[in-house]
Amino acid sequence: MFLQESETSTTTRVRRPLTTPDDTESGSAPTSPDSAYRLAVASLQTLAQDIKDLAERAQATLRDPAAHLGAGSGALSDIALASVPRWHFAMLNDTERNSALVSALEGNVPPGAHVLDIGSGTGLLAMAAVRAGAGRVTTCELNPLLAEVARQIIDAHGMSDTITVIGKPSTELEVGKDIDARADVLVSEIVDCGLIGEGLLPSIRHAREHLLAPDGIMLPAAARLYGQLVQSESMARLNRVDMASGFDVSLMNTLATPGHFPVRLNTWPHQMLSGAFPLVEFDLAKGILGPGARTLPVAADTDGLAHALVVWFELDLGATTLCNGPDSKDSHWMQALVPFELPVPVTAGEKVPLRLGWSDYRLNVTVA
Ligand SMILES: C[S@@+](CC[C@H](N)C(=O)[O-])C[C@H]1O[C@@H](n2cnc3c(N)ncnc32)[C@H](O)[C@@H]1O
């Protein structure tokens, strides 16, 4: 059974870094410079509190590692809870996803090749690459706790001699230091419900330039986004509030998620106002992978109020494609909701000039 889940759920697949300069769009502006200043101070206080908590926990753990980090200890699960998203479990149980990625490796890894796997998780793709015939595999994982889990799982499968696990983000890997040569094949599954939310674009951009051989094989090779206009007050309310019990609480909208967030479309009341249409294609092997925007004249086929664009992806994995569209009911990926700032009235037959934008981590939509 699928639950109705908002972007705060730890089973959803959105992990974003702190805001980057090209990523500054947000929900609603604070009401005054004084309000904005006080919110900024409070957000720094929250960050400082998190850092202090973390430092205290780290100190206690280092004083007595065995007591704090033994199997079944509360500290290990506390740290895992804070740093390892719950969606790893749903993802690893998504057999359609696993099979598509494993088949892509089996169909595309030349015998003896050096494979680079970005985002080890449990080491699943690194081990599948060895089984597919890779001579050696380098896998990197930005979360050191997960990297250690991958190391131990890989060791238990007797593959430690062939696979090297590096507990770093791919963007910090250096040829000649972390890996001896550029890889022949690059595999990654760092895709959220809206494709780009886990940093697919900057990670692949960097890896193509620094880590993959010039004629290297890229898996997945390409990805496409599709969308559909949707009317749904209920889904719009997942990330926006104005009045609660007669009080204006709309300042809360300054804390709304900017850009896209995950929704399981079929669990919310909604009405589609257009057919599905292609939004943008990313050629991960050779195309330009920077932030961008495009205007799309979209034909509405029903009168209504468009609250958002529902977005999903299609990933090219050689012989198979992976998709998280509204009909992909078994996929662990939900769909991505990209809300309009204000609802857009549309009439059947009307062409709505949508402006879709994407930064390195977020999708956004306006009417041009
Ligand atoms: C969606 S999981 C996939 C894990 C594994 N590859 C699999 O298919 O089961 C992606 C993992 O990549 C890691 N990750 C994302 N971007 C990364 C990067 N640029 N470098 C290293 N790790 C990254 C995340 O921390 C996460 O554990």
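1. Helices, of at least four residues, and strands, of at least two, are DSSP runs numbered from the N terminus. The model is a predicted one. On that basis the protein has 9 helices and 17 strands.

2. Overall form. For 368 residues, a compact globule would have a radius of gyration near 21 Å, and the 22 Å of the protein agrees with this. The C-alpha trace spans about 60 × 50 × 40 Å along the principal axes. Of the 368 residues, 38% count as buried. Among contacts with a separation of 6 or more, 78% come from residues 24 or more positions apart.

3. Domains. The assignment divides the protein into domain 1 (32-58), domain 2 (89-189) and domain 3 (222-367). The centres of domain 1 and domain 3, taken over C-alpha atoms, are separated by 31 Å.

4. Annotation. An unreviewed UniProt entry carries the annotation "domain: Protein arginine N-methyltransferase" for residues 222-355. What is the helix and strand content of the chain over residues 222-355? The chain there is 3% helix and 51% strand. The end C-alpha atoms of this stretch are 22 Å apart.

5. Ligand shell. The ligand is surrounded by 22 residues, of which Gly-119, Gly-121, Leu-142, Ser-170 and Ser-203 are the closest. By class, the shell holds 10 nonpolar, 9 polar and 3 charged residues. Helix 4 (87-92) supplies at least two residues of the shell, and so does helix 6 (124-131).

6. Backbone geometry. Peptide bonds are mostly trans, and phi is negative in most residues other than glycine. The points that follow take up departures from this.

7. Pro-220. The peptide bond from Leu-219 to Pro-220 is cis, its omega being near -5°. Pro-220 is placed in the loop between strand 5 (212-219) and strand 6 (222-231).

8. Leu-195. This residue is not a glycine, yet has a positive phi of about 75°. Leu-195 belongs to the loop between strand 4 (183-188) and helix 8 (200-210). Is Leu-195 buried or exposed? Leu-195 counts as buried because 27 C-beta neighbours lie inside 10 Å, and the threshold for burial is 20 or more.

9. Ser-245. Here too phi is positive in a residue other than glycine, with a value near 50°. Ser-245 sits in the loop between strand 7 and strand 8 (247-248). With 5 C-beta neighbours inside 10 Å, Ser-245 counts as exposed. Leu-195, by contrast, is a buried residue.

10. Asp-242. The loop between helix 9 (233-236) and strand 7 (243-244) contains Asp-242. Asp-242 has 12 C-beta neighbours inside 10 Å and therefore counts as exposed; the limit for that class is 12 or fewer. Leaving aside residues up to four places away in sequence, Asp-242 touches Asp-248 and Ser-250.

Notes. Residues are numbered from 1 along each chain as its sequence is written. This is a predicted model: local features need pLDDT of at least 70, side-chain atom pairs count only at pLDDT 80 or more; totals for chains, interfaces and linings use all residues. UniProt positions are given in the numbering used here, feature names are shortened, and annotations may be inferred rather than shown by experiment. The radius of gyration is taken over C-alpha atoms; the globule rule is 2.2 Å times the number of residues to the power 0.38. Two residues are in contact if their C-beta atoms, placed from the backbone, lie within 7 Å. A residue is near a molecule or strand if its C-beta atom, placed from the backbone, lies within 6 Å of it. Ala, Val, Leu, Ile, Met, Phe, Trp, Tyr, Cys and Pro count as nonpolar, Asp, Glu, Lys and Arg as charged, and the others, Gly among them, as polar. Domain bounds come from an automatic or database domain assignment.
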